[in-house]
Amino acid sequence: MSALSRRRFLGLTGGAGVLLAAGLTGPRLFGSAATGELLTSEIPLPAPFQVPLPIPAVLEPLARDADADRYEIVQRPAIVEILPGVRTPIWGYQGTFPGPTIESRSGRTTIVRHRNELPVPTVVHLHGGRTPPEHDGYATDLVLPAGGRYTAHAGMHDPDARISQGTRDYVYPLQQKASLLWYHDHRMDFTGPAVYRGLAGLHVVRDDEEDALPLPRGDRELPLVLTDRAFAADGSLRYPSVDQTLSSVPGVEEPYVEGVFGDVLLVNGAPWPVAEVSATRHRLRVLNASNARRYDLALDPPPPGGGAFTQIGSDQGLLAAPAVHDHVPIAPAERYDLVADFGRYPVGTEVTLVNRLGTGTMAHVMRFRIVRSGVEDSHIPDRLGEIEPLDRARATVVRDFSFRGGKVGGRHGWTIGGQPYSPTRMDARPRLGDVEIWRFVADLHHPIHLHLVHFHVLSRGGREPGPYDAGRKDTVDLRPGEAVEVIARFDGYRGRYTFHCHNAEHEDMGMMANFETT
């Protein structure tokens, strides 16, 4: 098939023909928005809108010098109260869930020393970071538990792995624009259960361009980390790992191969919380940190005249111009920078952030209580950030990748290009500084994340990008049978990186691949 006819084919079919030809038929190929299986809690769940919205603590640096800000984080087990009155064991950065927030300045190096006091190896990835390869959190670059011996399972074998005992300093030059990043465990085969147990936190990068804008700030800037979890009868987190010790056998029990859904919706680690706000604009910095669940966020009641959210930023920072939405769909690992104007409601109104994809306990996210008036000192400019366009004609290479189910180690799993992940196989070698187009096609829902680079969405289903594809992205959501093109400049650093589905169960069961900038 010629390149032109193949492009037309993908555009006309949205990629579905490729999948059907590969034998990927079945009831869920063109199914609902769900790619996952519900895991229900074994204890009574609290009523919603009873607990205040917690804000993750901002971590103070241990030292600042002319070159860098230096931090230390201990990864350790802890007992926390997530559901009121219930004690839940977690694995947490600093023993909290989510972990503490790090705030950095663009262009100023941040160094984070991580100490692993957990019983298994860990890897830290700064999601969205433009990071040298040795600090990016490559899936086999393990930090072994402090004070003990540990033998990685056979599937981790990688002669080029960088192994540390107990601690590792991660160095982030942060030569990038202001954005909402997040850090999380990225250990090969075990990302899903480790993040589910609590290993995730925010990293905010700020710069002068963003600071100069009259956006809501201070207590009117709210981080919202969305996760879903299920709880066992003893209050612990339920997760269907084949190996509950997370030491040797990867993957989840067969019914949950498509992804794990919980029945408790947490915001910043609290179930269906309440935020008391003034009748003014608020900046909502939303991260979907769930393993597999998608959300479609809306306000109930909607503000008079509609347009609940003004989007000002995407994964990698400010949009060029604001975009108004009545609702916002968000896939795992995506971030949205939104402004909601609570001044459009009377004081005393209760506004619920709802999930249009959810039913039962998952239909509501949190509630805003407009408890006081306020002086409005913000507005949203017509122009926000400077974004360099990447034109299709500048691309030196076009690469195709299919994301689909397959057999992995004799079990159901997930593949890229028909192959499960191997840390020793290189799937693409972009030249440093080159612009490339990568075309993705999916069987089911797959949020695809590229390390190192940001990209722009060129097309979706053979058409123009969708209304939520604007700006600099590092994660793009593919729907069943859909083809998406993205364009990126592969600059910054030479070395090996990964790209993968950010449905964590898919990632752990094979849906990851490598590229190397040369």
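In which loop does Pro 301 lie? In this predicted model, Pro 301 is placed in the loop between strand 20 (295-300) and strand 21 (309-314), and the legends below take this site together with several others.

View 1. The peptide bond from Asp 300 to Pro 301 is cis, with omega near 0°, and Pro 301 belongs to the loop that runs between strand 20 and strand 21. A cis peptide bond also joins Phe 97 and Pro 98, where omega is about -10°. Pro 98 is found in the loop between strand 4 (87-93) and strand 5.

View 2. The protein has five helices and 35 strands, and its C-alpha atoms fill a box of roughly 60 × 55 × 55 Å along the principal axes. For 518 residues, a compact globule would have a radius of gyration near 24 Å, and the 22 Å of the protein agrees with this. Of the 518 residues, 61% are buried.

**View 3. The largest pocket and its lining.** The space in the largest pocket amounts to about 540 Å³. Its lining consists of 31 residues, of which Gly 218, Asp 219, Glu 221, Leu 222 and Pro 223 are the closest to the centre. At least two lining residues come from each of strand 12 (200-206), helix 4 (208-211), strand 13 (221-231), strand 18 (274-278) and strand 19 (281-288), and strand 18 gives the most, with five residues. Sorted by class, the lining of this pocket holds 15 nonpolar, four polar and twelve charged residues.

View 4. Strand 5 and strand 12 run parallel and are joined by four bridges; Glu 103 has Val 204 in strand 12 as its bridge partner.

**View 5. The antiparallel sheet 32-30-34-35.** Four strands form an open sheet in the order 32-30-34-35, with antiparallel pairing. The edges are taken by strand 32 (475-478) and strand 35 (512-517), each of which has a single partner strand, so one side of each is left without a neighbour in the sheet. From one strand to the next, the twist averages 20°. Six bridges join strand 34 (residues 495-501) to strand 35, where Thr 517 is the bridge partner of Gly 495.

**View 6. The largest cavity and Leu 246 in its lining.** The structure holds five cavities of 30 Å³ or more, and the largest has a volume of about 50 Å³. Among the residues that line the largest cavity are Asp 189, Phe 190, Tyr 239, Leu 246, Glu 505 and Asp 508, and by class the lining has seven nonpolar, two polar and three charged residues. Leu 246 lies in the loop between strand 14 (237-238) and strand 15 (260-261), and its phi is near 55°, a positive value in a residue other than glycine. With a relative accessible area of 0%, Leu 246 is buried.

**View 7. Leu 174 and its positive phi.** Leu 174, a residue other than glycine, has a positive phi near 55°. Its place is in the loop between strand 10 (167-172) and strand 11 (179-185), and Leu 174 counts as buried because its relative accessible area of 1% is under 20%.

Key:
Residues are numbered from 1 along each chain as its sequence is written. This is a predicted model: local features need pLDDT of at least 70, side-chain atom pairs count only at pLDDT 80 or more; totals for chains, interfaces and linings use all residues. Side-chain values use heavy atoms; hydrogens and water are left out. On a 1 Å grid over the protein atoms alone, a cavity is a set of points where a 1.4 Å probe fits but cannot get out, and a pocket is an open set with protein on both sides within 12 Å along at least five of seven lines; lining residues have an atom within 4 Å of a point. Grid points are joined across faces, edges and corners, and a volume is the space filled by probe spheres set on the points. Ala, Val, Leu, Ile, Met, Phe, Trp, Tyr, Cys and Pro count as nonpolar, Asp, Glu, Lys and Arg as charged, and the others, Gly among them, as polar. Two strands pair if DSSP finds at least two bridges between them. Axes are lines fitted to C-alpha atoms, for helices over the stretch in contact, and angles run from 0 to 180 degrees between N-to-C directions. The radius of gyration is taken over C-alpha atoms; the globule rule is 2.2 Å times the number of residues to the power 0.38. Buried means under 20% relative accessible area, exposed over 50%, partly exposed in between (1.4 Å probe, protein chains only).
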